[in-house]
Amino acid sequence: MLHRGHQSTDGAGGGELTVPMAWLYAEYIADELLRTGDLMPPTSFEFRAGRDALALTIFLSDTDGELPGIRVVTQLETWLSLTAYDQPWQSWVAERLSQLAAEAAQLEGPDPDLELASAAWRWLEETELLAPDLNAVPGGAAAGEDEGPTVWTPAWQLGLPLGHLAIHLF
């Protein structure tokens, strides 16, 4: 999928190293949005979940095969709508990844952008993080936020609202 922003180390044919520029750029934008929002320490798993969820949103919403470059601000509304609470984000990601995989299967060689996006999605789906249980019935008088009920939550369910909030704060 050379149209997704790949660049090689040499301009000649066979055996060239392909750099996943589209994924790396999406990850950079997501990282900057989260750092600007200053919602979580950049070394936390929650930050990684937010960055990966945002990077997937940015990467997969690029239907033209060219990330927006300096037009990032014009894409914020699109990303907000995709990450909104009432949207089927999880099924949208799975569908877009399948679509891109089908397109990549028709081309020669693996797509490093798609491989990194798929790895991020696997991590978000398979990793569970301990988070406050927002559905718990308030029973006791918890003094601090760390003392309330907690539940193991898939990383994407924690990262998605974090990413959404980071876009709002940008």
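This is a predicted model: local features need pLDDT of at least 70, side-chain atom pairs count only at pLDDT 80 or more; totals for chains, interfaces and linings use all residues.
**Exercise 1. State how many helices and strands the protein has, and in which pattern they follow the sequence.**

*Solution.* Step 1: the protein contains six helices and four strands. Step 2: along the sequence, these elements follow the pattern β-β-α-α-α-α-α-β-β-α.

**Exercise 2. Classify the packing of helix α4 against helix α5, and describe their contact.**

*Solution.* Step 1: α4 spans residues 89-105 and α5 spans residues 112-126. Their axes lie 11 Å apart, at an angle of about 150°. Step 2: angles over 145 degrees count as roughly antiparallel, and α4 and α5 are therefore roughly antiparallel to each other. Step 3: the crossing of α4 past α5 is left-handed. Step 4: on the side of α4, the contact involves W89, Q90, V93, L97, L100, A101 and A104; on the side of α5, it involves L114, A117, S118, W121, L124 and E125. Step 5: sorted by class, this contact of α4 with α5 comprises ten nonpolar, two polar and one charged residues.

**Exercise 3. Classify the packing of helix α2 against α5 in the corresponding manner.**

*Solution.* Step 1: α2 covers residues 45-60 and packs on α5 at an angle of about 135°, with the axes 10 Å apart. Step 2: this angle makes α2 oblique to α5. Step 3: α2 passes α5 in a left-handed crossing. Step 4: α2 contributes F45, R48, A49, D52, A53, L56 and F59 to the contact, while α5 contributes D113, L114, A117, A120, W121, W123 and L124. Step 5: the contact of α2 with α5 holds eleven nonpolar residues, no polar ones and three charged ones.

**Exercise 4. Decide whether L54 is buried or exposed, and identify residues that it touches.**

*Solution.* Step 1: L54 is located in helix α2. Step 2: a residue counts as buried under 20% relative accessible area; L54 has a value of 0% and is therefore buried. Step 3: leaving aside residues up to four places away in sequence, L54 touches A30, L33, L34, G163 and I167. Step 4: A30 is 24 residues from L54 along the chain, yet the C-alpha atoms of A30 and L54 are separated by 5.3 Å.

Technical notes
Residues are numbered from 1 along each chain as its sequence is written. Side-chain values use heavy atoms; hydrogens and water are left out. Axes are lines fitted to C-alpha atoms, for helices over the stretch in contact, and angles run from 0 to 180 degrees between N-to-C directions. Helices (H or I, at least four residues) and strands (E, at least two) are DSSP runs, numbered from the N terminus. Angles under 35 degrees count as roughly parallel, over 145 as roughly antiparallel, 65 to 115 as roughly perpendicular and the rest as oblique. A crossing is left-handed if the near helix is turned anticlockwise from the far one by less than a right angle, and right-handed if clockwise. Contact means heavy atoms within 4.5 Å. Ala, Val, Leu, Ile, Met, Phe, Trp, Tyr, Cys and Pro count as nonpolar, Asp, Glu, Lys and Arg as charged, and the others, Gly among them, as polar. Buried means under 20% relative accessible area, exposed over 50%, partly exposed in between (1.4 Å probe, protein chains only).
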